[in-house]
Amino acid sequence: MTFPRKDILGTQDMDASEISSILDVTESFVEVSTREVKKVPTLRGKTIINLFYEPSTRTRTSFEIAGKRLSADVINISTSGSSVAKGESLKDTAMTLAAMAADVIVVRHPSSGAPHFLAGHVPCAVINGGDGTHEHPTQALLDLFTIRQRKGSLTGLRVGIIGDIAHSRVARSNIFAMRTLGMDVRVCGPASLLPLEIESLGVRAYTDLDTAIRDVDIIMVLRLQLERQEKGLIPSLREYSQLYGLNLKRLEQAKPDVLIMHPGPINRGVEMAPEVAEGRYSLILDQVANGVALRMALLYLLAGGPGL
Amino acid sequence: MTFPRKDILGTQDMDASEISSILDVTESFVEVSTREVKKVPTLRGKTIINLFYEPSTRTRTSFEIAGKRLSADVINISTSGSSVAKGESLKDTAMTLAAMAADVIVVRHPSSGAPHFLAGHVPCAVINGGDGTHEHPTQALLDLFTIRQRKGSLTGLRVGIIGDIAHSRVARSNIFAMRTLGMDVRVCGPASLLPLEIESLGVRAYTDLDTAIRDVDIIMVLRLQLERQEKGLIPSLREYSQLYGLNLKRLEQAKPDVLIMHPGPINRGVEMAPEVAEGRYSLILDQVANGVALRMALLYLLAGGPGL
Amino acid sequence: MTFPRKDILGTQDMDASEISSILDVTESFVEVSTREVKKVPTLRGKTIINLFYEPSTRTRTSFEIAGKRLSADVINISTSGSSVAKGESLKDTAMTLAAMAADVIVVRHPSSGAPHFLAGHVPCAVINGGDGTHEHPTQALLDLFTIRQRKGSLTGLRVGIIGDIAHSRVARSNIFAMRTLGMDVRVCGPASLLPLEIESLGVRAYTDLDTAIRDVDIIMVLRLQLERQEKGLIPSLREYSQLYGLNLKRLEQAKPDVLIMHPGPINRGVEMAPEVAEGRYSLILDQVANGVALRMALLYLLAGGPGL
């Protein structure tokens, strides 16, 4: 299989058939992590760099495990304890890593657009592991894979995304891809966290949670960045939790088989009650498991290993 | 060989035959690290996570080397630069790692009981890499292996453990296992660092070092946590060193073939003089070398690799 | 091939034939990183420790990639988050790592002489990854390899090293090796950054950049440690840049085919203009690429793998 792309920077410019084919390839990697020997030789001798300018456990670990299960060499670089601390430019860092014959650079960066900038300067593949408030495409793709795994198909499903829509790269990447796939997307949050122009993306905005979750097939709850409170965007955690926290009582308003998602890490008791996170229709751990498979698929597609 | 346990959380609930069989398996791994090619394929395709909530070089490195020599994929997570910093609950972190199909999670945590809590929530194996002031079972097992290697057997040997008994997870894990194996255990330290009820564990308590080390076969010196002084538990490092520091002069009171142990890292000149640490009967570097073998044995037993 | 050395601590005591033979071995490793499968089994089952007491991306990453492409197990230890933070002595740390059967310890340390001290205490190989203001031999060797690759031979070439000569371990290691190989070396910088006795090393000192770069074959620009300004050794970055920054205008004074080098990371616009760094005769990315090959060669020579 030849993949037409050098980089994975966002879902905004992906069409439906590309997304579908990524999810199809992911399918074949899900099984690898269930084997007794969770390892395939696909990317032996390839070099993958995790270049993280923001703290992360789950995304970095997920990429590291994905790379290692494909037999690649994986190198972690985080800002603390690196020459990044010496003020080197992003471009120089990237060109240096490319000169060491890296095959894939996974980059997480607080500045929106950093991975795109970097991709323009290096010959190797770049995967956006989350940039500022812009995109987090691997999260959206694993979310879609998880929904498809449960529901069979995606078109026509109705999703409610709840929380800090304005600052969420997870929300943006999901909105782009879901709209492309013909899903019906609602977003819901306090007015201070709902961008005015959000409906131009083809979604409907709500400030009332009970209304927003009525009749949706999936509720995707976003992590509340606790620093939002300090910036005065929400009055208090307590009020946020009362108005936008998903608990069992509120779920009674929703479809009986509604699926619950969260990109993690969860602020238990703030945006989601523990009983919901661990409840019957929670897909949260499926998202994590599928994250490894999705990242294996992308690394495989970009680093051009031999046939499966 | 089938091992009856999912986790290694402490030595307190291990019986003598279990300890012996762990030490027997360790025997077969000692040789691997002396080969030209220090690697066996035993755990190929297994995923081991080092989840460290406290700084550590030797324990983390020892587990990492052990895992890699068994051909496992090893992932390090430390609190700095991870979403642990974002305040995720220990339970969520563990469930996330388990969902990524980890086989073994090695956890070090400042809270006593954290590994037990975690083991109750994840299907994969958990190894306690040191929890609060509670247990550090892999240290105790490698200590016992090292003594057995030198002395042939353990039953009936007399050991003196010197230092901050009250706060030492190394001391606790050793006391449990040594008593189970029929060893005679003395503990010795300033009264402020000797718990009142310590003799209920079957040991005898001393505040005078010269008396405590008379006639013992092994002296195990604990690291003095330097922050104890700030908390007022010892009057000064200098006085501590004069009263409880092991030096050559003091060793003249002991058996001529007494063995000297220390879990490291040593505060040279505080609890132990350099001449003792590097002296003739010091087992300190044997402890380090055997630590790798013991951890290979435990990883092998828990991750269920094929026969050796 | 048997290599006569246990450690690589500096270039000062290397003779010309030893340097040449290291560069010859490097030659054979350059190709590995251009393969589809960038990996050889040479050091399978060997353990390499990166022990870094100073922050570093490029040197640590270069060694890590080099080790992994040779199939060795590579363990990273950096001062943050390790028992180094607990104040363990360098000697004890090193002996501990050696007891775990490490084959090579790569050490970077702020104290000049630390790797030499360490090498005297451990049976395994030690590579100096940069010590204080003393030596950085792998950087010098990769620089020489890069020049030789472009120019065919080294003897008789004229080099100008520009910048903070007084504090640069890169400059010192290069000066030693270049003089040994019969190269003509000029150093140039502000008087406050030029040690008085530098000419005793067989180089000629300049304070005027235009004079220094006239007729040289290679200009090697050093990174300006920005903290020098705080210490009052340079009046301002701006003035430094005006007097010693290499830009296109200034390059007109130099030979038309002069080669430009920099060990990185670059302070763009301070010691070097971006147009020079990315210009036609810049070898900066060659240096990075060759750094991996040179370190593979040294790891191979020291860890005694089987024939290539």
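This briefing covers a predicted model with chains A, B and C. The predictor gives the complex an ipTM of 0.94 and a pTM of 0.96. Chain A has a mean pLDDT of 93, and 95% of its residues reach 70 or more. Here pLDDT is the predictor's confidence in each residue, from 0 to 100.

Residues are numbered from 1 along each chain as its sequence is written, while chains are lettered from A and ligands numbered from 1 in the order in which they are written. In this predicted model, local features need pLDDT of at least 70 and side-chain atom pairs count only at pLDDT 80 or more, but totals for chains, interfaces and linings use all residues.

**How the copies are related**

- Copies are superposed by least squares on the C-alpha atoms of residues with pLDDT of at least 70 in both.
- Chain B is superposed on chain C by a rotation of 120 degrees with 0.0 Å of shift along its axis, and the RMSD is 0.0 Å.
- Only 4% of the interface residues of chain B are also interface residues in chain C, so the copies meet through different surfaces.

**Where chain B meets chain C**

- In this interface, 24 residues of chain B are in contact with 22 residues of chain C. Two residues are in contact if their C-beta atoms, placed from the backbone, lie within 7 Å.
- Helix 2 (58-69) and helix 12 (284-303) of chain B each supply at least two residues of the side that touches chain C. The largest share of that side, six residues, comes from helix 2 of chain B.
- Helices (H or I, at least four residues) and strands (E, at least two) are DSSP runs, numbered from the N terminus.
- By class, the side of chain B that touches chain C has nine nonpolar, eight polar and seven charged residues. Ala, Val, Leu, Ile, Met, Phe, Trp, Tyr, Cys and Pro count as nonpolar, Asp, Glu, Lys and Arg as charged, and the others, Gly among them, as polar.

**Where chain C meets chain A**

- This contact takes 24 residues from chain C and 22 residues from chain A.
- On the side of chain C that touches chain A, helix 2 (58-69) and helix 12 (284-303) of chain C are the elements that give two or more residues. Helix 2 of chain C gives the largest share, six residues.

**The four-stranded sheet of chain A**

- Four strands of chain A form an open sheet in the order 2-1-3-4, with parallel pairing. Two strands pair if DSSP finds at least two bridges between them.
- Strand 2 (73-78) and strand 4 (125-131) of chain A are the edge strands, and each pairs on one side only.
- On average, neighbouring strands of this sheet are turned by 15 degrees against each other, direction ignored. Axes are lines fitted to C-alpha atoms, for helices over the stretch in contact, and angles run from 0 to 180 degrees between N-to-C directions.
- Strand 1 (residues 47-52) and strand 3 (residues 104-109) of chain A run parallel and are joined by five bridges. A:Asn50 stands opposite A:Val106 in strand 3 of chain A.
- Helix 2 of chain C packs on this sheet of chain A, touching strand 1 and strand 2 of chain A. Its direction makes about 170 degrees with that of strand 2 of chain A.

- A:Ile48 lies in strand 1 of chain A.
- A:Ile48 counts as buried because it has 28 C-beta neighbours inside 10 Å. A residue is buried if 20 or more other C-beta atoms lie within 10 Å of its own, exposed if 12 or fewer, and partly exposed in between; C-beta atoms are placed from the backbone.
- Leaving aside neighbours within four places in sequence, A:Ile48 has contacts including A:Gly67, A:Val74 and A:Leu299.
- A:Ala72 is 24 residues from A:Ile48 along the chain, yet their C-alpha atoms are separated by 6.8 Å.

**The five-stranded sheet of chain C**

- Five strands of chain C form an open sheet in the order 7-6-5-8-9, and the pairing is parallel.
- The edge strands are strand 7 (204-206) and strand 9 (259-261) of chain C.
- Strand 5 (residues 158-162) and strand 6 (residues 184-188) of chain C pair over five bridges. C:Val159 has C:Val185 as its bridge partner.
- Helix 6 (residues 169-180) of chain C packs on the sheet, touching strand 5, strand 6 and strand 8 (218-221) of chain C.
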